[in-house]
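Me: I would like to go through this model with you. Could we begin with the sheet?

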Amino acid sequence: MQSISPELLFRGINAWYKSLPEIKKISHRPLLLGKSEKTAFLRNKISQDLEKNNLKVTSSNLKFDCCYEDLATLKDLILKNNCDSIIASGGGKVLDAGKFLAESLSIPVITVPLSASTCAGWTSLSNIYTRNGQFIEDVKLRSCPQIMVFDHEFIASAPRRTLASGIADALAKWYESSSTSSSIDDGLVQQAIQISRVLRDQLLINGEKAFNSQSVHNLSWVNTIEGCALTAGLIGGIGGEKCRTAAAHAIHNAITQINSTQKNFHGEIVGVGILLQLRIEEMLNDNKLAGQTIKQLSLLMKKLNLPTTISELGINVFEDKNLEIIAEFSCRDNSEIHYLPFEIAQKDIIEVITNFEKQKIKL
Ligand SMILES: [Zn+2]
């Protein structure tokens with residue numbers, strides 16, 4: 001069973017207003033879910049618009065993360081207030097929490113991303129973390145959201161750091177799916193991989209322009225935000241379980257196990273993961289283009305102000321057994337890293353990260 005896309009997608013300027021009649025058809029008492037104080041003004045506006053349309057809104061925020069503690073509290077709130085849908089409005093954690101809760105209560109979910117930092121507004125997947133942000137597991141859901149609202153004016157109000165993070169996460173689609181799934185003899189998977197290649201090319205061409213413009217009237221920006229939040233989700237939908245993530249996300253999941261001195265976004269960690277995956281492929285799979293690709297990606301990442309090493313994520317891998325923890329978590333039995341088409345062991349991760357952190361990438 002595969003769920004390829006949201007049932008309805010509203011995109012562009014005024015997408016939010018255009019979606020209201022459809023939201024009214026499936027909901028009378030929504031839970032409006034958010035997290036960040038910085039986007040509270042947008043949720044206030046959303047709430048007012050819903051109330052004007054005679055919907056009874058209950059508002060709540062994630063306290064910690066998309067974690068089982070928050071999910072349990074919210075479930076009680078939804079039941080107590082008899083909410084008949086969830087409108088998840090925020091970043092990836094909020095969207096994932098809204099989707100997970102809606103599925104467990106068999107009510108519809110409407111996703112309203114407030115940045116282009118992930119494709120979580122589209123997909124039928126929720127990543128679960130601890131309350132401190134350590135990755136636990138990803139949960140496959142029955143379906144993509146009933147309605148996704150991708151309002152460009154909402155996205156334009158997000159800090160551009162969220163866009164850089166979204167670009168890194170979307171780039172990972174190509175580097176991960178092409179290395180894990182290119183030998184899979186399934187037409188749809190092959191097509192998904194090719195979409196991810198076109199998306200990569202568009203991000204390489206438009207990414208920097210988009211990062212520097214942040215305007216709903218700039219085509220590079222529009223194509224980039226939609227690539228990160230929509231196309232990246234579509235690739236997951238078409239490719240399904242066979243179009244897999246690989247080392248970049250496995251290393252992301254491992255890095256979240258370490259306490260950092262700074263708060264990193266998902267895509268910022270995944271971006272470092274892509275560079276490390278390429279080094280792994282160079283070392284263990286004789287990928288001769290890896291060095292070239294690392295230079296090309298690092299150049300873009302620096303222009304987007306993205307970290308390119310684990311130390312730039314605020315983590316010193318050479319203290320507190322951090323390196324061993326990352327290697328162990330990356331290589332645990334059910335890790336996506338084992339979808340790579342060659343054997344990989346903890347000692348390989350340790351070797352690659354040690355060399356990587358010590359060298360300065362020459363551009
Ligand atoms: Zn991701």
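Me: What is the strand order in the open sheet of 6 strands?
Reply: The order is β1-β8-β5-β4-β2-β3, with parallel pairing. Strands here are DSSP runs of E, at least two residues long, and helices are runs of H or I, at least four residues long, both numbered from the N terminus. Two strands pair if DSSP finds at least two bridges between them.

Me: Which strands stand at the edges?
Reply: β1 and β3 (58–61) do; each has a single partner strand, so one side of each is left without a neighbour in the sheet. From one strand to the next, the twist averages 15°.

Me: Before we go on, how are residues numbered, and what kind of model is this?
Reply: Residues are numbered from 1 along each chain as its sequence is written. The model is predicted: local features need pLDDT of at least 70, side-chain atom pairs count only at pLDDT 80 or more, and totals for chains, interfaces and linings use all residues.

Me: Back to the sheet. How many bridges join β2 to β4?
Reply: Strand β2 (residues 30–34) and strand β4 (residues 85–90) run parallel and are joined by 4 bridges. Leu32 stands opposite Ile87 in β4.

Me: Which strands does helix α1 touch?
Reply: Helix α1 (residues 15–26) packs on the sheet and touches β1, β4, β5 and β8, its direction making about 165° with that of β8. Helix α2 (residues 40–52) also packs on the sheet, where it touches β2, β3, β4 and β5, and its direction makes about 170° with that of β2. Contact means that the C-beta atoms of two residues, placed from the backbone, lie within 7 Å. The angles run from 0 to 180 degrees between N-to-C directions, with axes fitted as lines to C-alpha atoms, for helices over the stretch in contact.

Me: Now β8. Is it buried or exposed?
Reply: 5 of the 5 residues of strand β8 (residues 147–151) are buried, so the strand is largely enclosed by the rest of the structure. A residue is buried if 20 or more other C-beta atoms, placed from the backbone, lie within 10 Å of its own, exposed if 12 or fewer, and partly exposed in between.

Me: Which way do its side chains point?
Reply: Ile147, Val149 and Asp151 point one way from β8, while Met148 and Phe150 point the other way; all are buried. In a regular strand the side chains alternate between the two faces of the sheet.

Me: What does β8 pair with?
Reply: Strand β1 (residues 8–12) pairs with β8 in the parallel sense over 5 bridges, and Phe10 stands opposite Val149 in β8. Strand β5 (residues 109–113) also pairs with β8 in the parallel sense, over 2 bridges, and there Thr111 stands opposite Met148.

Me: A change of topic: how is the protein divided into domains?
Reply: Domain 1 covers 8–156 and domain 2 covers 161–362, with bounds that come from an automatic or database domain assignment. Their C-alpha centres lie 26 Å apart.

Me: How many residues are in contact between them?
Reply: 21 residues of domain 1 are in contact with 25 residues of domain 2. Helix α5 (residues 152–156) gives the most to the side of domain 1 that touches domain 2, with 4 residues. The residues of that side divide into 10 nonpolar, 9 polar and 2 charged. Nonpolar covers Ala, Val, Leu, Ile, Met, Phe, Trp, Tyr, Cys and Pro, charged covers Asp, Glu, Lys and Arg, and the others, Gly among them, count as polar.

Me: Which residues other than glycine have a positive phi?
Reply: Ser106, with phi near 55°, is one of them, and Gln214, at about 50°, is another. Most residues other than glycine have a negative phi, and most peptide bonds are trans.

Me: Where are Ser106 and Gln214 found?
Reply: Ser106 is in the loop between α4 (92–105) and β5, and it counts as exposed, with 7 C-beta neighbours inside 10 Å. Gln214 is in the loop between α7 and α8 (219–239), and it is partly exposed, with 16 other C-beta atoms within 10 Å.

Me: Finally, how many helices and strands does the protein have?
Reply: The protein has 13 helices and 8 strands. Of its 363 residues, 50% count as buried.
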